[in-house]
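Subject: Structure for your review

Dear colleague,

Please find the structure below, together with its sequence.

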Amino acid sequence: MEQNMKNSSVKVADTLILGGGIAGLEAALNLANTGHQVVIVEKDLSIGGRMIHLSKVFPTLDCSACITTPKVSEASRHPGIHIQVNTGAKKLAFDAKGHWHVHVQTEPRFVNESLCTGCQDCERACPVVVKDEYQYNLVGRKVAYIPFSIASPRIAAIDIENCILCGACEKACVPGAIDFSQEPVQTEWIVKSVIIASGFTLFDPDQIERYGGGKFKNVVTAMQMERQLVPTRPFNTVLRPGDGKIPDKVAYVLCAGSRDGTVGNPICSQICCMYSIKQAQLILGALPMADVTVYYLHIRSFGKGFDEFYQQAKKMDVSFIKGKIGKISELENGDLMLRYEDIASGKIKEAKHDMVVLSVGILANRDIEKISGLENLELDPFHYLKQRQEMSNPFKTNLPGIFMAGTASGPMDIPDSILSAGAVSAMVTKYNKGFVESIINSLTISSWNE
Amino acid sequence: MSELDPKFAREILKFGDGTFSACYNCGNCTAVCNLANNDNTFPRRLIRFSVLGLKDQIDASLDPWLCYYCGDCSTTCPRNANPGDLMMTLRRYLSSSYDWTGLARKFYTSKVFELTAIFILALFILLLFVFFHGPMTTELTPDGGVQLNTFAPWKTIEAGDWIMAGFLSFFLLSNIFNMYLKVIWRRKDLKIPVSLYFSELRHLIIHFFSQWRFSDCETNQDSFFTKVKNGEYTYWFVHFLLMSSYVLLFTMIVGFLYWFQTDEIHPWWHPQRLLGYYSTFGLLLGTIYFIVLRIKKQNEKSKNSHYTDWTFLTLLFLTTLTGILVHLFRIGGLPMATYYMYVLHLMILFPMLMIEVPFSKWSHLAYRPFAIYFSNVIMAAQQKTSQK
């Protein structure tokens, strides 16, 4: 049942998943493997979400990309999974028969997907360099670019906002895949159920004036440090961005943007303690002579194996000091002075470090609120999706047929995200199986919140 | 050993609203504070004392007086526990813990008590005038002024002033002595050489007259003129103007009334008039400035107003206003208006001084410099012992 018009079409599937991160992929694979037709709508140029950019996972120190990429390639090849990248949901409508009509729009990438071979000739030809958001602004990228080396699909795109329309990429492209005439493409998906797996956004520490407000060059976010520790890292070592010096004394500032009412995020992000402990260990692996100090309020090593992981970091000589950093000031040579109250002794202390990592918290992804038709979607006070009955009916929103997976429901780590995707797969399977048009519909809606 | 008293937090909350129990002990407030140092580590220590109910430690602490409510702790507190406001509340608590009469505690914890006291004292003044006032002559002096000294002879008023000043000094000084007992005398770990009380006395005088500690709130590297331009000294300046005006006027009224309250109308450049104008200008500007700040609630230290802050500012403003009117009516040659306004002026002035100076908000003019003095004495003594 496909009606194709110019640049718009209507298609049918069982379940649509908003977000192609680890939670969305896991749910998609579970559902597709049990015979459901699944669509993944991903706003980014590649699926894989945040996890594909990480170095190791805690507390096992397994390679993060090595867990993500098999799922990414399996999902890309799966006959039951249709993936639309560079695509955003614009409107959701519930029809009388109990279907959701999801209107999505694929933005033009100005590269013909079927012709591009991912050879990167256009990238070499492009004369314009801008900040690379996939390397968290540590280095630059071209305007005609492959998003990152393990992107899926590994197809070039043109960042039209920064493009000077010189045509160099067009000339360099042997298969002739560059197509500046592309326009947005609309698709209307008619599905039985929707899973929101829209993930989180990172807290922007620039709003914290007393931590430099983004002006101190050697104050980086934990995600920037994470990128320096992955195999596909931008530099071939860990270094501080201000002057390229290899740091000797690295400080971690925990709770930078979480558990802080003044920045509007009073809750714990649940992952910062552990990823900081993980990074501290990895830094000691990369720079064995470095001193790493973690300034914490309370170490929340609550999961299985987490506390052992924390103790292991202590044994590796990572220093842990209890006390919130009150102020950071920059010295002339780019070093940083951290002022804090050492809670153990009750004394005010100042410590000099040559690099500071802000362990930034995570926030709800509020793009979901911009989708028309989801005005009645219930959110919790922190803008995460609200679970109506967390215990008896987990991962269901208040709207019939709409589920959630991963950090869309609140801060959680990778194992919990995957776990939630597993749980929601079972719930969606049950929902899709019991779905009979218009007869069951009224029953489904009335029994949704029981 | 100290005794824990979990209910003590409720006692503190009688002296002001507070959210300090939200504190999770991160130490951010102490680390961002420009006035705290390792000899006086606040506000977190005081929050801890308050939550645990360590009454003795709070009573012996000078830290609340060393806090000038810059507000950085409150604006950056991750738990919105408002440490700055707790320090303010503790200053009220301490004022009443120093006061052996128990009146300060009543004034700080009961609106009704405070207002009743004001009315009784005002009524007392009114009755004194009703029964003992001089002749209300409508005849003007040769230069066209009112014969105020006929209605209220300066000698009588001065005698009253002296009695009042005696009361004020007795209560205030005995409270300061009580403060001394609590913060130094009862501390067994301190041995203070007598010489230090003299060598550190300069801090008392400097801080009483300058209140320079206010300017420590700002630690940015800007030049002096940029700071002035950015208004970083404005609060200190207005506070200084208000305080100096008050001290000047109080001295003139209590010590030199024969010179200050004259029937003769001096030329405008006469020191009596110039000093009087300076003081009334300072008081008027100061009270209006602080009232406006407290209404606007834009800066941190003016956000949380206790009812005693309002009574104090209102009484001071009304005293100034009626004082100005007395002056205008007198040189304008309006006898009856002058007399009534004079009575009203004293009816406001007297309760304000009797209540605010020894027992309420105004007492900080003594406690603050004395706290700085005592803390310097303690620090110098500790330095000496550690050198040995």
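Which residues does Tyr342(B) touch, once its neighbours within four places in sequence are set aside? In this predicted model, Tyr342(B) is in contact with Phe129(B), Leu148(B), Phe151(B), Ala152(B), Ile157(B), Gln261(B) and Val326(B).

Tyr342(B) also belongs to the largest nonpolar core, a group of 104 residues. Together with Phe42(B) and Phe129(B), Tyr342(B) is among the residues with the most contacts inside that core. Helix H19 of chain B, which runs over residues 335–359, gives the most to this core, namely 15 residues. Both domain 1 (8–98) and domain 2 (103–387) of chain B supply at least three residues each. As background, nonpolar side chains tend to be buried together in soluble globular proteins.

Turning to chain B as a whole, you will find 20 helices and zero strands. Its radius of gyration is 23 Å, close to the 21 Å that the globule rule gives for 388 residues, so chain B is as compact as a globular protein of that length. The C-alpha trace of chain B spans about 70 × 45 × 45 Å along its principal axes. Of the 388 residues in chain B, 56% are buried. Among the contacts in chain B with a separation of 6 or more, 77% join residues 24 or more positions apart. The accessible surface of chain B is about 18400 Å², and carbon and sulfur atoms account for 67% of that surface.

The aromatic residues deserve a separate look. Over all chains, the structure holds 48 aromatic pairs. One of these is formed by Phe370(B) and Tyr373(B), with 6.3 Å centre to centre and 70° between the planes, an edge-to-face arrangement. Where do these two residues lie in chain B? Both are in helix H20 (residues 364–387), three residues apart, which is about one turn of the helix. Is Tyr373(B) buried or exposed? Tyr373(B) counts as buried because its relative accessibility is 6%, and the cut-off for buried is under 20%.

Elsewhere in chain B, one aromatic cluster is made up of Trp100(B), Phe107(B), Phe113(B), Phe167(B), Phe170(B), Phe171(B) and Phe359(B).

Yours sincerely,

A colleague

Conventions:
Residues are numbered from 1 along each chain as its sequence is written. Chains are lettered from A and ligands numbered from 1 in the order in which they are written. This is a predicted model: local features need pLDDT of at least 70, side-chain atom pairs count only at pLDDT 80 or more; totals for chains, interfaces and linings use all residues. Side-chain values use heavy atoms; hydrogens and water are left out. A nonpolar core is a set of buried Ala, Val, Leu, Ile, Met, Phe, Trp, Tyr and Cys residues joined through side-chain atoms within 4.5 Å. Buried means under 20% relative accessible area, exposed over 50%, partly exposed in between (1.4 Å probe, protein chains only). Helices (H or I, at least four residues) and strands (E, at least two) are DSSP runs, numbered from the N terminus. Domain bounds come from an automatic or database domain assignment. Contact means heavy atoms within 4.5 Å. The radius of gyration is taken over C-alpha atoms; the globule rule is 2.2 Å times the number of residues to the power 0.38. Accessible areas come from the Shrake-Rupley method with a 1.4 Å probe; for residues, only the protein chains shown count as cover. Rings of Phe, Tyr and Trp (its six-membered ring) pair if their centres lie within 6.5 Å; planes under 30 degrees apart count as stacked, over 60 as edge-to-face and the rest as tilted.
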